[in-house]
Amino acid sequence: MIEVKDLYKSFGDQQVLKGITTTFLPGKTNLIIGQSGSGKTVMLKCVVGLLNPTEGHVLFDGQDYVSMDLDEKNKIRQQLGMLFQGSALFDSLTVEENVMFPLEMFTKMSKSEKQDRVNEVLKRVNLVGANKKFPSQISGGMQKRTGIARAIVMNPKYLFCDEPNSGLDPQTSIVVDELIKEITEEYNITTVINTHDMNSVVTHGEKILFLYKGNKHWEGDKVSLFEAENKELLDFIFASDFLKEARNVRLDKLKKQI
Amino acid sequence: MAEYVYDSGGPLFHVGRYVLMVKRSIAKPEKAIMYWKETLRQMYNIGVGSVVIILLISFFIGAVSSFQFAYNLSKSMVPMYYVGYVVKESMILELAPTVSCLILAGKVGSNLASELGTMRLTEQIDAYEIMGVNTFSYLIGPKILAAVTMVPFLVTIAAITGIWGGMISGSLSGYVSSNDYLQGVLMTFEAKNIVVMLVKAAVFGFLLTSISCYQGFYAHGSALEIGKASTTAVVLSCVMVLFADLILAWLLL
């Protein structure tokens, strides 16, 4: 379980996170949503340890990650997988080498075991046949899937995704979302996704955290989202007339079910 | 940690952060074989990848030096075989290590700064960190080690090529025959000068890679910053190489 307690982060005079407390549900898809500049990426980076919070705690299974030294942090990090916004694949390595890198660096597996594991993971993300291609030779969707394969190759307990749909067409976005959802359930991973994508929010949000100007403004799930009365949240999620109408239709449907 | 990327300060801040970076880059590797592979890759890039430019530059430096010394000596009573002696000594003590490293600061330095800068901007460095890789020792350590070992080789090649270029230029110009030139080259041998050349090469190699890596590693912002980091890396490396040249000359000669 990941617990975030009173998380503050400032850059100089600019306070980006203002005392956020939340718990990410184990084995579920947890979403952090909010407008650009609301502090989503900073929060994700504080949780994974790429940024040090100004104040507050991040607990992984009760262990305070913030106060750990680098060696202890590195042990936790080997249980984390992360998919970056731009995939962050290593340019000089092929798809296969990218996925194999964590195994090469941190395991004592034999060459054939590593190869088998890489093939298994690449098959899982539907990337068979792309092993020898370089990141520049594959599409954005394939890069994301390679990023997912690299993130899960070490069987992580936690998966973090920073805007997994950015730069993808709607259809590919759905494929990537479905893949993350399936992997979360299949491997019982605690997944935390930072997203702008409303389809992801209404489809996969088992836990949703809405950030507004660095504060936790609303917390809930994909069902309670439709019933929420929080103005900023509604303005953000159902920004267009089309989406507002869709919300009303969904609410009517829910009322009829009740 | 990525944290420090967003910090900024005056010259002392940068000196402190640079020293910490160098200290961290020589930390014990997580898996030696991976670091060794990366070091070999960097040795190939820095060493083999720079041979052609070093050959070209040093040949012309030697050729021009020989021609100009010969031209000046032709108006004096000094025997012409001194051209060989002067070119040899100046190539070994100054031209080969210093000029080669200024060239390498441009070629290798800008390359390293833009490579690391791009990795920072595309979050590749963050990806390494999230895996638990010590990015200083994995990304910077092998580059420094490769330069410290390969630059002395390149400088030795430069010295030999320069002396050889001087001989060809001298004989083609008609000022000094090959035999006279070789007589001058073989006139004396100071082993200490070779040691000074190799020490200079290793120190310059260290400076140009570590400074360039620093600029690239801490680049942040937009693509514009990568260009800025590359330019700063080259300019700072050149200045520091020349400064170190003076200090080493005082200390070693």
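**Notebook: the A/B contact and the cavities**

I started with a salt bridge: Asp126(B) pairs with Lys45(A), and their closest N and O atoms are 3.5 Å apart. A reminder to myself: this is a predicted model.

**Entry 1: the contact between the chains**

Next I asked how many salt bridges there are between chain A and chain B. The count is two. I also looked up polar contacts, and four residue pairs turn up between chain A and chain B, counting pairs with both residues at pLDDT 80 or more.

Then I checked which parts of chain A do the touching. Helix H1 (40-48), helix H2 (70-77) and H3 of chain A each put at least two residues into the side that touches chain B. H3(A) has the largest share of that side, six residues. I sorted the residues on this side of chain A by type and got 14 nonpolar, eight polar and seven charged.

Chain A brings 29 residues to the contact and chain B brings 22. For the area, I noted about 2,300 Å² buried between chain A and chain B, with 61% of it on carbon and sulfur atoms. Which three residues of chain A supply more of its buried area than any other three? I found Leu50(A), Phe90(A) and Met105(A), which make up 25% of what chain A buries against chain B.

**Entry 2: the largest cavity**

The structure has four cavities of 30 Å³ or more. The largest holds about 150 Å³ of space. Its lining has 14 residues, and I wrote down the ones closest to the centre: Leu80(A), Gly81(A), Pro102(A), Arg150(A) and Met131(B).

Both chains show up in the elements around it. From chain A, strand E6 (80-83), helix H3 (95-106) and helix H5 (140-152) each give at least two lining residues, and so does helix H5 (124-131) of chain B. By type, I have 10 nonpolar, two polar and two charged residues in this lining.

**Entry 3: the second largest cavity**

This one comes to about 50 Å³. I listed its lining: Thr29(A), Leu31(A), Asp177(A), Ile180(A), Lys181(A), Ile193(A), Ser200(A) and His204(A). Which elements of chain A supply at least two of the lining residues each? They are strand E3 (29-34), helix H6 (170-186) and helix H7 (198-204). H6(A) gives the most, with three residues. The lining splits into three nonpolar, three polar and two charged residues.

Terms used
Residues numbered from 1 in each chain as written. Chains lettered and ligands numbered in written order. Predicted model: local features only at pLDDT ≥ 70, side-chain atom pairs only at ≥ 80, totals over all residues. Heavy atoms only, no water. 1 Å grid on protein atoms, 1.4 Å probe; cavity = no way out; pocket = protein on both sides within 12 Å on 5 of 7 lines; lining within 4 Å. Points joined across faces, edges and corners; volume = space filled by probe spheres on them. Helix = DSSP H or I, 4+ residues; strand = E, 2+ residues; numbered from the N terminus. Nonpolar A, V, L, I, M, F, W, Y, C, P; charged D, E, K, R; others polar. Contact = heavy atoms within 4.5 Å. Buried area = accessible area lost by both parts, 1.4 Å probe. Salt bridge = Lys/Arg side-chain N within 4 Å of Asp/Glu carboxyl O. Polar contact = N/O pair within 3.5 Å; in protein donor to acceptor, adjacent residues only side chain to side chain.
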